[in-house]
Amino acid sequence: MRIITADERLAEKGGPKILVVGPSGVGKTSLLRTLSAEMLATTLFVDIEAGDIAVADLPVASVRPRTWSECRDIACILGGINRALPPTAAYSESHHAEVMKNPELAQLAAYRILFVDSLTAAARLSFAAAELAPEATSDRGRKDLRAIYGAHARSTVQWLNQLQHAREKTVLLAAVLEKNTDEFNVSTWQPQIEGGKTGRELPAIVDEIITMCTSPNAWGYPAKDRSGRLEQLEPPNLGALIEKLSRPGERKPFTIVSSEQPAQQ
């Protein structure tokens with residue numbers, strides 16, 4: 001570990017990590033069409049859902065992982081080595097060295113924008129892999145759901161953290177938005193992800209949460225702007241959004257609440 005000087009940090013070119021949520025069919029994948037030709041040339045479309053019909057005629061490179069192992073290999077290439085992990089773990093130095101032996105995987109490091117379609121589908125692959133893990137079966141030969149969900153949550157969050165640390169990359173994660181109503185008849189909108197832990201940790205991992213809807217937001221949707229540069233409502237133009245988040249610019253005033261100021265009721 002070394003100290004990064006202020007000048008070095010300011011000179012770094014970082015990419016935002018964005019979660020795009022919305023109901024099925026609202027046009028999340030079609031947002032790729034809003035990217036400029038220059039952006040598309042450096043974009044990798046991770047087509048996990050096999051639902052690329054909306055962009056079938058778009059000149060964009062893609063990969064089509066069918067297993068959780070393949071998803072982890074992609075994240076390992078993009079996020080680099082996690083030196084805190086033991087040699088046998090995913091994203092370790094040995095894992096990175098192994099995937100770099102594959103020339104097709106190695107060239108993925110050159111892409112600057114990653115569009116994952118979708119996090120919902122990726123989580124299903126993670127859950128399927130967790131079901132096959134040795135700890136998924138109890139001593140009596142039965143499936144241990146608690147162990148399965150625990151392994152799935154750890155693996156999915158670790159995968160997202162790996163993508164989060166791809167500092168120079170812009171990472172876009174599309175996910176289905178669903179409405180959940182609890183036993184008290186209270187409804188909330190949440191990303192459709194197998195298990196609850198990943199959905200709860202997502203806001204701490206991504207920089208932005210963008211909700212697509214077909215009508216004005218009723219203010220029950222999740223939303224987030226870590227950049228301080230977005231308006232409450234932005235046009236559905238992904239290219240313009242990335243430019244706005246990536247280029248230098250003024251942030252909105254940050255109001256610090258005094259400890260002596262009375263709380264609002």
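A: One cut-off before we go in: a residue counts as buried when its relative accessible area is under 20%, and as exposed when that value is over 50%. Met39 has 10% relative accessibility, so it is buried. Keep in mind that this is a predicted model.

Leaving out residues up to four places away in sequence, Met39 touches Ile113, Gly239, Ile242 and Glu243. Ile18 is 21 residues from Met39 along the chain, and the two C-alpha atoms are separated by 16 Å.

The largest nonpolar core has 39 residues, and the members that touch the most others in it are Leu19 and Trp159. Several elements supply at least two residues each: the strands are S1 (17-22), S2 (43-47), S4 (113-117) and S5 (170-181), and the helices are H3 (68-79), H6 (119-132), H7 (145-164) and H8 (197-205). H3 gives the most, with 7 residues. Another core, of 22 residues, lies apart from this one, and its members include Ile18, Leu58, Leu230 and Leu245.

With residues up to four places away in sequence set aside, its contacts are Trp68, Cys71, Arg72, Ala75, Tyr91, Val116, Leu119 and Ala122.

Follow Tyr91 from that list. You'll find it in the loop between H3 and helix H4 (93-100). Tyr91 has a positive phi of about 75° although it is not a glycine, and at 1% relative accessibility it counts as buried.

H3 and H4 pack with their axes 9 Å apart, at an angle of about 100°, so they are roughly perpendicular to each other. From H3, the residues involved are Arg72, Asp73, Cys76 and Ile77, and they meet His95, His96, Val99 and Met100 in H4. By class, this contact has 4 nonpolar, 2 polar and 2 charged residues.

The axes of H6 and H7 come within 8 Å and cross at roughly 135°, which means the pair is oblique. The crossing of H6 with H7 is right-handed. Trp159 turns up again here: it is one of the H7 residues in this contact, along with Ile148, Tyr149, Ala151, His152, Ser155, Thr156 and Leu160, and facing them from H6 are Leu119, Ala122, Ala123, Ser126, Phe127, Ala130 and Glu131. The contact divides into 10 nonpolar, 4 polar and 1 charged.

H8 is another partner of H7. Here the axes come within 10 Å and cross at roughly 15°, so H7 runs roughly parallel to H8. The crossing of H7 and H8 is right-handed. On the H7 side you have Ala153, Thr156, Val157, Leu160, Asn161 and Gln164, meeting Lys197, Thr198, Glu201, Leu202, Ala204 and Ile205 of H8. That contact splits into 6 nonpolar, 4 polar and 2 charged residues. Thr156 and Leu160 show up in the contact with H8 as well as in the one with H6.

If you're checking backbone geometry, here are a couple of spots to look at. A cis peptide bond joins Asp117 and Ser118, with omega about 15°, and Ser118 lies in the loop between S4 and H6. Ala50 has a positive phi of about 55° although it is not a glycine. Ala50 lies in the loop between S2 and strand S3 (61-63). Where Tyr91 is buried, Ala50 is exposed, because its relative accessible area is 65%.

Terms used:
Residues numbered from 1 in each chain as written. Predicted model: local features only at pLDDT ≥ 70, side-chain atom pairs only at ≥ 80, totals over all residues. Heavy atoms only, no water. Core = buried A, V, L, I, M, F, W, Y, C linked by side-chain atoms within 4.5 Å. Buried < 20%, exposed > 50% of the residue type's maximum accessible area, 1.4 Å probe, protein only. Helix = DSSP H or I, 4+ residues; strand = E, 2+ residues; numbered from the N terminus. Contact = heavy atoms within 4.5 Å. Axes fitted to C-alpha atoms, helices over the stretch in contact; angles between N-to-C directions. Parallel < 35°, antiparallel > 145°, perpendicular 65-115°, else oblique. Left-handed = near helix turned anticlockwise from the far one by under 90°. Nonpolar A, V, L, I, M, F, W, Y, C, P; charged D, E, K, R; others polar.
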